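Here are my notes on the model you sent. Please read them with the structure open.

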Amino acid sequence: MSNYKLFDKNTQAIIFGYQQRAIQRMLDFDYACERKNPSIVAIVDPTRDGYHKCFWGPEEIILPIYTSIKEAAEKHPQADVMVNFASFRSAYPRTREALEIDSIRTVAIIAEGIPERYTRELAAIARQKGKWIIGPATVGAIKGGAFKIGNTGGMIDNIIASRLHRPGSVAFVSKSGGLLNELNNIVSRNSDGVYEGIAIGGDLYPGSTFIDHVMRFQQDPDAAMIVLLGEVGGRDEYDIVNALKTGKITKSLVAWCIGTCSKMFSAGVQFGHAGAKARTDLETADAKNKALKEAGAVVPDSFDDLGKKIKETFDKLVKEGKVKPKPDREPKKTPMDLSTAITEGMVRIPTHFVSTITDERGDQPMYAGVPLTEVVENGYGIGGVIGLLWFKKELPKWGTGFIELVLQIVADHGPAVSGAHNAIISARAGKDLISSLVSGLLTIGPRFGGAIDGAAYWFKKFHDEAKEPKEMVDDMKAMDILIPGIGHRVKSVINPDKRVELLKKYARENFPKTDYLDYALAVEKVTTAKRDNLILNVDGCVGILFVDMLNSLGFSKQEISDIIETGALNGLFVLGRSIGFMGHILDQKRLKENLYRHPWNDILYASPKKEEIK
Amino acid sequence: MAQRGIREFHGKKMMANYWTEYLPNLAKYDGKIVLVDPKTDMNELAKQNPWLKQEKLVVKPDQLIGKRGKNNLILLNSTFDEAKKWLNKRMNKDVTIGKVTDKLTHFLIEPFIPHDKNKEYYVAITSNREGDAIYFSAHGGVDIESVWDTVVTIQVPILSSINNIKIAEKLPKEVPEEEKAMVAEFIKGLFKFYVDFGYAYLEINPIAMTKEAFIPLDTVARLDDTAQFVCGNKWGNIEFPAPFGRRLTKEEKFVKDLDEKSGASLKLTVINPSGRVWTLVAGGGASVVYTDTVFDLGFKDELANYGEYSGNPSTDETYQYTKTILDLMTREKNPKGKILIIGGGIANFTDVAKTFTGIIKALKEYKQQLIDNKVRIYVRRGGPNYQEGLKNMKDLGKILGVPIEVFGPEAHMTSIVSMALKGNAGA
């Protein structure tokens, strides 16, 4: 490549910073331009390495991610551009690093707010090494049909609207990155399009200046004419004035400096760009426009006529036969992103998930339609939250009170029960909290804790079928099924279970109706008549009262059956008992208990003899 | 984010605090100086700074005002009581310098230093693209432009060190031979201070040279505020005062607060509240161009404001911003009617429809006032989702009761300005 050309159709870049959208936009531009290769060869991100997946037209490709610029450059020596998305804090060291690498010739610095001294140093180093810096505080540059830096040019439809997917003949340089898009539009509407457009950035001391780029365009035979968009502040436009005067610029130059309004602000106004403030009369836009005009540039009377002047100048060149307008062509069609198509209502796709209990997409999570702040402020409590998330129902106070009572009652039943025992053994084997908890929870089932569901199911079934309590006992016996929720190892009629007493008392005092509990107690009368420890136990009582609660809340019989079937009632036991299990696990860890080994003398070894298994 | 002036008080304090680090061999400038604002309790100040009552004083405003001597704003060689009286007369009072009028709110007081008038030097450091330039003259204490031929310039290229420059050899011949080493040492130290502290401009005129000390008498300084993250901790608790003459109206203050709270940028300067042409423009560059164009087309007396919104403001922010402008522009009726220019370039990534939502909401709210004030609205914008944004604006035009003309990228960015103004020239 000649030294006056920074980019062409084969230019490839390293991107510093994991800017996924900018990367995709560059590749979409490449594709529309019908480039043979993607313009990005690698990404550098100090915090990760690996691969980045992105689109090349309709297909997916992967780009390598490295943690250092040096490594990326060594593996991809063909890349001579680095697009530096580092923040204003680290843009300076990263750019220095890139300038030290022989294969990198151009660094574009996007960040705004880099100290002026740093940029001046970088510019001086680049000058010494014959390298280029574009920026800082810029969106970058674009070369029609060839290469674009980062986000330059906006979305792909805008790039195509400005015909940037193919080269034109007009080269321009501007300070403002925000106006670069507008210039693309103006140039494309008033000529054969953009050959190359550069935004050098709004700082007082940009890494490369107007004159650097204008002289490149002057040398480049493919640039037929030049457009300059300067602004108030600084004196860089005077380099152009001098070059015009000394005949170094011979190509047609249309120029305009923005900020002519600054003279209205008597106290001196700082416009958006760091460099956009006139400190002397020479730095005003008016003085610069006047000087440019006197030196021979085509200067409109206002920005309003900029397009017209470009058109006049371009048409004149065509007429004089000095430039042959570059042809138009259709861009290679880039498929639309699904997300864009959805936003614009162009496609529809079925979802793969449904959720009917929460929505976390807004300002705050919604529990069954109730904002979290309301849940907290209105004192829903754990019972209320369970009501919302498990049953999508706002429970009355007596209902949430019942759930919280159950959770307290089932929270623990000592270290000897099999679930707690398993949790303890796992904790002592050095397993973490979650593994130990799960080990305990996995014990819960038909024989341990699982009777709540069963009790609810069977008592409800017989009650709803209007069977007499005696019939229930007999039918179950005939089926050879022990009635879940009936019977206790030690408690009996004369030695009642305190927990069951608490639950019954609560229900009697608070529940609107207790049809199922009444039915279950009638059944208990039958069973305790047979043996006095065949009492309604805590699991049974919880299950039955739960049915009573749902019944009182107006759930239909079928809905209640569905809830039982989902295992929600057992869930209450699992939730409550997890508190106890975790207590045991933390206790064991605090005590630094060693691995448990069961003693031999507590095991009956009764293996068969070898001959017996033949 | 740019070069910004700091108070003389802060500049001198900074020098005093770091003097021994940079100028270990020269007698320390003690930094005896206080800042007085409308809330200062003068008696308390005197208690904490006994020198105020023991020494003769200098008092002057400290609000980024140049040429204070010429404008009779310096009190020299006074007692504390005289200083108090002088301050009382001026505090919170308007003063006009050139074309600019503003209220005096900050003054500095420091000891009056009797010294040899012939030992008033001029030293300044500025930055340029290639490096930093030191300016020195033995003829300080006067308007330096009038004695510019006595100034020597020492350019220090950006990648080189001042240690490699033989400063003493470059000093003007008016500096006595035996003092050259000391002056050179001072310049070297000051230069290093300038570089390390992120200065972009530092002028001391004059600096008084006594037997073994240098005392800055009058200092002007600008810092590169982007260097905050590098040397902000050395700056201490400084502020960047607004330029003298930039008095914010209630509405400007409101927008400034909005801007400071937001990640986006929202700016408003009211130029002429009775002006008929109001702008509501997206983008820093575009807003300047629109304002220029109103100006360049010869309507500078009609231009009411400069302002811009950019950096993807939220719907509420654009709503608040628009409301502020609509409120201002509908206060005072004009028989010729008014013009609102809702302009902007082709956005890179800002969702145009989204930003227009807040603008449309405010316009609807001001429907009656807009009709009463005979407002005509011109819209031009491009960028992501602009079609929908423009359609929403056109739909609004059907119900708003005032004319809205809507254009996209097919129209030149500023064409709506000439359209609005030319259509209006005869009215």
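1. I start with a loop in chain B. B:Asn92 sits in the loop between helix H4 (80-90) and strand E5 (94-97) of chain B. Its phi is near 65 degrees, a positive value in a residue other than glycine. Most residues other than glycine have a negative phi. B:Asn92 is partly exposed, with a relative accessible area of 40%. Keep in mind that this is a predicted model.

2. Another loop deserves a look. B:Lys374 is found between helix H12 (367-372) and strand E18 (375-380) of chain B. Phi of B:Lys374 is near 50 degrees, again a positive value in a residue other than glycine.

3. Now the peptide bonds. Most peptide bonds are trans. The bond from A:Gly135 to A:Pro136 is cis, with omega near 5 degrees. A:Pro136 belongs to the loop between strand E7 (132-134) and strand E8 (141-143) of chain A. In chain B, the bond from B:Asn205 to B:Pro206 is cis, with omega near 5 degrees. B:Pro206 lies in a strand, E11 (residues 199-209) of chain B.

4. Next, a helix pair. How do H11 and H13 of chain B cross? The axes of H11 (residues 352-365) and H13 (residues 386-400) of chain B come within 8 Å and cross at roughly 15 degrees. Angles under 35 degrees count as roughly parallel, so H11(B) is roughly parallel to H13(B). The crossing is right-handed. Residues in the contact include B:Phe356, B:Ile359 and B:Leu363 from H11(B), and B:Leu390, B:Met393 and B:Leu396 from H13(B). By class, this contact has twelve nonpolar, two polar and two charged residues.

5. On to the cores. The largest nonpolar core has 107 residues. Which of them touch the most other members? They are A:Phe7, A:Ile149, A:Ile240, A:Leu292 and A:Phe303. Leaving aside residues up to four places away in sequence, A:Leu292 touches several residues, among them A:Leu228, A:Glu237, A:Ile240, A:Cys257 and A:Val299. A second, separate core has 60 residues, including A:Leu407, A:Ile444, A:Phe511 and A:Leu517.

6. Last, chain B as a whole. The chain has 14 helices and 19 strands. Its C-alpha atoms fill a box of roughly 85 × 50 × 40 Å along the principal axes. Of the 427 residues in chain B, 57% are buried. Among contacts in chain B with a separation of 6 or more, 70% join residues 24 or more positions apart.

Note on methods. Residues are numbered from 1 along each chain as its sequence is written. Chains are lettered from A and ligands numbered from 1 in the order in which they are written. This is a predicted model: local features need pLDDT of at least 70, side-chain atom pairs count only at pLDDT 80 or more; totals for chains, interfaces and linings use all residues. Side-chain values use heavy atoms; hydrogens and water are left out. Axes are lines fitted to C-alpha atoms, for helices over the stretch in contact, and angles run from 0 to 180 degrees between N-to-C directions. Helices (H or I, at least four residues) and strands (E, at least two) are DSSP runs, numbered from the N terminus. Angles under 35 degrees count as roughly parallel, over 145 as roughly antiparallel, 65 to 115 as roughly perpendicular and the rest as oblique. A crossing is left-handed if the near helix is turned anticlockwise from the far one by less than a right angle, and right-handed if clockwise. Contact means heavy atoms within 4.5 Å. Ala, Val, Leu, Ile, Met, Phe, Trp, Tyr, Cys and Pro count as nonpolar, Asp, Glu, Lys and Arg as charged, and the others, Gly among them, as polar. A nonpolar core is a set of buried Ala, Val, Leu, Ile, Met, Phe, Trp, Tyr and Cys residues joined through side-chain atoms within 4.5 Å. Buried means under 20% relative accessible area, exposed over 50%, partly exposed in between (1.4 Å probe, protein chains only).
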